[in-house]
Amino acid sequence: MTQETSGQAQLALLGHFQLTLGDDTLTQFSYDKVKALLLHLLLHDQAVSRAGLAELLWPDQGLSSGRTNLRHALHCLRQSLGEEADNLLTVSRQTIALSLPEHWELDLDELNGLLLAPPSVATLGEILTLYRGDLVEELSLTQCPDFQRWMIKVRGEWRQRVIQFAERVLATDEPLPDDVLRTLVSRFSGYGPFHERLVRQLAEGGQSAAAHEQFNAFLQQLALSGQQPDPGFLQLARYWSDGKSETMSAMTPQGAISRTLSLDSAPLREEEIDHRQLSVMAIRLSVKDSHRDRVWARACLTLQIELLRWLEQQCHHLGGFWLPGATGGVGLACFGTHGPAHQLAELVALYEHCSKAIPDEIALLWDGEGKPPAFSLSAGLHSGQVIYLPERQLADPLGQVTQYSLELMTAAEGSELVISQEASQHMPPALDLQPRLTSRLLAADGRVRLRALVLGSSVATRESSLPTLIGREGELRRLRDALARASIGLRQSVLVSGNSGMGKSALMVNFRQLEQSQDVGLCWMPTTRLSQLEPYSVVTALIRWRLDGNIDRESVEQLFESSEALQGISEEVRRSFHAVLGTAEDTAEDEVLIQSSETVERVVRVLHLVIEKSASLRPLVMMIDDLQWLDEPSLKVLAGLQARLPINIGFMLAASHNGRDSLAVKLNWDQHIALGRLDPMQVSRLLSHLSRRYRLHLSPRMRSQLIERCDGVPLYLQEICRRLDMDRREGRPVQLDELPKGLIGLLSSRIDQLEEGRDVAHAAAVLGRVFKLSFVRQSCEFEEGRLKRAIENMQRLEIIEACSSDSEFDYQFTHQLIQEAAYLSCPRDVRRRIHHQVVALIEDKYPAWISRHPGYFAVHLRKSQNFSRAARYFERSAPTAPRSRWRTTAWPASSMSMVRKSAKSAC
């Protein structure tokens, strides 16, 4: 761009870079570091040293090479600026400075002036028009960490200034139009307070349906991206939950997210279609009493609607979103399946919580005469991959999961939860749930119509077998050694941590089962996300165990009389303890005492005496599974007990933790047991055990494939063997190359959390377990800044990791099955197109790869349905490289016989 310019020049940095000189517009330079140089000079008021710029933009080149590259970048910048370069740049041998002449217009200067003005709605509207996005949001130089950190800091400062100005406007009494609020929500889609203000304003303005829709839309966005809503946002549901029959209109299907495309909607584009993992619990409220009169019918209908609102609130508490049913008394609780965040145990806990609490809610909400009607609560749970249209806020418009969940709901008899086999595979059931799940088979006309699992009572009807602990014998021994020290009067605290699938819960359950038969008092507390909603849950669990499951005011008072130390507890402390347990006489005083800052100390004082009394009779062990879901008051109680209990007491605290989520309160541990991946010998032993258990006959080649694919993660190996056993019993052929459905939900969850970077993950997965960044860039033509942001997010979520310095590849997936899950979550037509593009790219720009990696090239040929050429290259790769070599660089292909068969059918 070496043109002459005249008149004003405009430079836009907010959103995408754009420089307008006369009649010409410049959006890109010859390479990104030229743009980075211009930006860095522009945002500094004084001259910048050449040495500092060279170190900033070329950190790995050395000073001499860096200064040479800087001279070239400066030359490119001068060429792009044309005659304006001399007016802007001041260059010396040591420094470079850039200053804009008066006739230049810079959007940052205009934005700065608006932000310094008094807060008003009109000014906010101008700011939102000007602030189109983050500062030069397409620019990302991941290979320049210092520049990247500076860039993130500058972007965050401008973003925060805009948010603070908007918050000052919201704090004024000036009315804010809905369209301005919607623009705020669009600009800052992940900022909860703006969503909260919009929902509140719509509700208070009488637009209940629009408020409910916006409320559910934000919950859906959070659920499908693996985030949790703020408790304050969930309280907005009171606008359509606190009223009675006069606000029933908010509960109509028009007041929530639509499940189907309307007839007058715009034509659907292929680019809109995305996929997500979704779990749906179809819930049905059925009245058991017969119809009486119109007064009773009105009161019963009002009660049913209020109960559905209450069920919707419970769904929101677990991070899901709610879709009302097409008929009365039916609703759909929908959850994104984000690995351990929404396991089967959590959804079962949600159903059981609602089942136990619904009689109390009926008694509270009934406003009719006489005895309230009885309702049964039945549910069907299904999980799978669904179509997702984010622009239209549509989840599962084809009903791939919701329809089957409704079929399961109809199969329930009375108050039952019926679970599909697919759901139990997508979310491996907790070990304590396994003995409570029984099979149900519905058949008609000699044909099986439905196979499912039914949740039994809270008491297991059959004995559960101990989980397999091959490879974890040393860790189990450390737990038992800690218990031996506690048995001789030395207090112990042990933390078990590890990534998902490493066997933390299996280790805890195995230890619990072994020690229950000993002369040990053992309090077991499994937690789910619902545990965060119950304050002081650890206190309730321990006292319930101490009182043999019966917590009422009389039993708690008897506990206070069980020892002299407890008898000396003051009346004030007793009131606080009753409030925490929910046994206080005055429920209004109950809530006040729970919120008191002194309550934690009072509760710790009582628990200290209870534990001392129990430990004096026999060693006491308290086990908490999934410590990360414990509520904050409970964590404070545990910290208080660790500080107050003497060292010479027979008490042991053992807890498991996922190792990622930080705790709100710091706890101290005597031992930390970290579970890593099993070594090949341990995996081989585990596979031999599973083969005997499931009666699988595996050839040596199949064994080696299974060991390679599972890569030391015991859960993956167990799920694959479980799927092979189901295939064998149902007469299906064994397909080792297929990813078991039991792992799709667990592994695809990380891919779903990428949001805008999912297509980058799909492209990388098509390339293989290891891949070169240049292949991803050139095969799919991603924008550079977007590609770099996606790679950073994939590393943050532990989907990929950088390869070693001696590898010819740049990145690799952290586990082979994660790569397979990312591959399968990509639509089939997109996969075929990317394979075809990779073939064309290799032939055009990397022909040497064909001779070096013929098997890799053959896989892409086969997946792009060029079977005859694929067979030739597979044959060429066979004598030169083992099968495992190209399997690590590409999606595993079928055997040579299958390729030849496909080639013949294609001809």
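Let us begin with helix H20 and the side that faces outward. In this predicted model, the exposed residues Glu554 and Gln558 sit on the face of H20 turned away from its buried side. That buried side belongs to a helix spanning residues 553-560, and its buried residues are Ser555, Val556, Leu559 and Phe560. Viewed down the axis of H20, these buried residues fall within an arc of 150 degrees, so they line one face of the helix.

Which helices do the buried residues of H20 pack against? They pack against helix H19 (537-546), helix H21 (564-567), helix H22 (571-581) and helix H24 (599-617).

Two of these neighbours, H19 and H22, also deserve attention as a pair. Their axes come within 9 Å and cross at roughly 95 degrees. An angle from 65 to 115 degrees counts as roughly perpendicular, and H19 and H22 are therefore roughly perpendicular to each other. On the H19 side, the contact is made by Val539, Thr540 and Ile543; on the H22 side, Phe577, Val580 and Leu581 take part.

I turn now to the sheet. Four strands form an open sheet with mixed pairing, and their order is E3-E2-E1-E7. Which strands lie at the edges? The edge strands are E3, covering 24-26, and E7, covering 104-106, and each of them pairs on one side only. Neighbouring strands of this sheet are turned by 15 degrees against each other on average, with direction ignored.

Within the sheet, strand E1 (residues 9-12) pairs with strand E2 (residues 18-21) in the antiparallel sense, over four bridges. In this pairing, alanine 9 of the chain stands opposite leucine 21 in E2. Helix H5, made of residues 107-116, packs on the sheet and touches E1 and E7. The direction of H5 makes about 55 degrees with that of E7.

My last topic is the cysteines. A disulfide is a covalent bond between the sulfur atoms of two cysteines. How many disulfides does the structure hold? The number is zero. Consider cysteine 721: the closest cysteine sulfur to its own is in cysteine 710, at 7.1 Å, which is too far for a bond. The cut-off for a disulfide is a pair of sulfur atoms within 2.5 Å.

Is cysteine 721 buried or exposed? Cysteine 721 is buried, because its relative accessible area is 0% and buried means under 20%. Cysteine 523 likewise counts as buried, at 2% relative accessibility.

Definitions and conventions. Residues numbered from 1 in each chain as written. Predicted model: local features only at pLDDT ≥ 70, side-chain atom pairs only at ≥ 80, totals over all residues. Heavy atoms only, no water. Pairing = 2+ DSSP bridges. Helix = DSSP H or I, 4+ residues; strand = E, 2+ residues; numbered from the N terminus. Axes fitted to C-alpha atoms, helices over the stretch in contact; angles between N-to-C directions. Contact = heavy atoms within 4.5 Å. Buried < 20%, exposed > 50% of the residue type's maximum accessible area, 1.4 Å probe, protein only. Arc of directions from axis to C-beta. Parallel < 35°, antiparallel > 145°, perpendicular 65-115°, else oblique.
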